[in-house]
Amino acid sequence: RQRQMCIRDRIGTQSAAWAEPAVRLASPIIELVPVVKAQADTLGLNADQKAKLEAWMAEAPIKRKAVEQEQIELRTKLRGAILALNADDERKTLIEQITANEAKLLTMRDKCVDFLRGLLTAEQFDKVVAAYKAKS
């Protein structure tokens with residue numbers, strides 16, 4: 001009896017140590033905005049560029065974060081469906097939704113770079129890219 005309790009205690013401790021990891025997103029394909037923000041003075045952004053960047057920053061990250069949250073929720077559902085051995089159709093649907101969301105996130109990052117390319121002068125953009133590559 002005492003041995004059974006000891007084994008149960010160890011199993012409980014082990015399962016606590018093997019807690020499910022948090023669901024995470026894939027790394028962003030590219031992140032230039034933090035470089036622009038960090039080097040705004042060095043880049044010599046004019047008032048118009050600063051205003052457009054601030055306006056864009058007030059909207060774009062909110063939209064991206066909503067898709068990222070949806071992606072985390074879908075990944076969590078898929079993990080549960082896989083572990084519960086739910087029907088293949090349900091898992092396939094979740095995988096398709098995750099794939100579509102990942103494409104949305106990649107497109108958002110791509111459009112961000114297009115926005116910056118249109119906002120900055122060629123020289124400013126080249127400086128941002130060089131700083132990004134040096135950081136990577």
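The largest pocket of this predicted model has a volume of about 360 Å³. A pocket here is an open set of points on a 1 Å grid over the protein atoms alone, where a 1.4 Å probe fits, with protein on both sides within 12 Å along at least five of seven lines. Lining residues have an atom within 4 Å of a point. Of the 17 lining residues, Trp56, Ala60, Pro61, Arg64 and Cys112 are the closest to the centre. Helix α4 gives the largest share of the lining, eight residues. The lining divides into nine nonpolar, no polar and eight charged residues.

Local features need pLDDT of at least 70, and side-chain atom pairs count only at pLDDT 80 or more, while totals for chains, interfaces and linings use all residues of this predicted model. Residues are numbered from 1 along each chain, and side-chain values use heavy atoms, without hydrogens and water.

Trp56 also takes part in an aromatic pair. The rings of Trp56 and Phe115 have centres 4.8 Å apart and planes at 10°, so they are stacked (centres within 6.5 Å, planes under 30 degrees apart). Trp56 lies in α4 (residues 47–83) and Phe115 in α5 (residues 88–119), so the pair ties together parts 59 residues apart in sequence.

| Residue | Relative accessibility | Class |
|---|---|---|
| Trp56 | 22% | partly exposed |
| Phe115 | 23% | partly exposed |
| Lys127 | 37% | partly exposed |

Lys127 sits in helix α6 (residues 122–135). Its C-alpha atom is 7.6 Å from that of Leu43, 84 residues away along the chain.

Notes:
Phe/Tyr/Trp six-rings, centres within 6.5 Å; stacked < 30°, edge-to-face > 60°. Helix = DSSP H or I, 4+ residues; strand = E, 2+ residues; numbered from the N terminus. Buried < 20%, exposed > 50% of the residue type's maximum accessible area, 1.4 Å probe, protein only. Points joined across faces, edges and corners; volume = space filled by probe spheres on them. Nonpolar A, V, L, I, M, F, W, Y, C, P; charged D, E, K, R; others polar.
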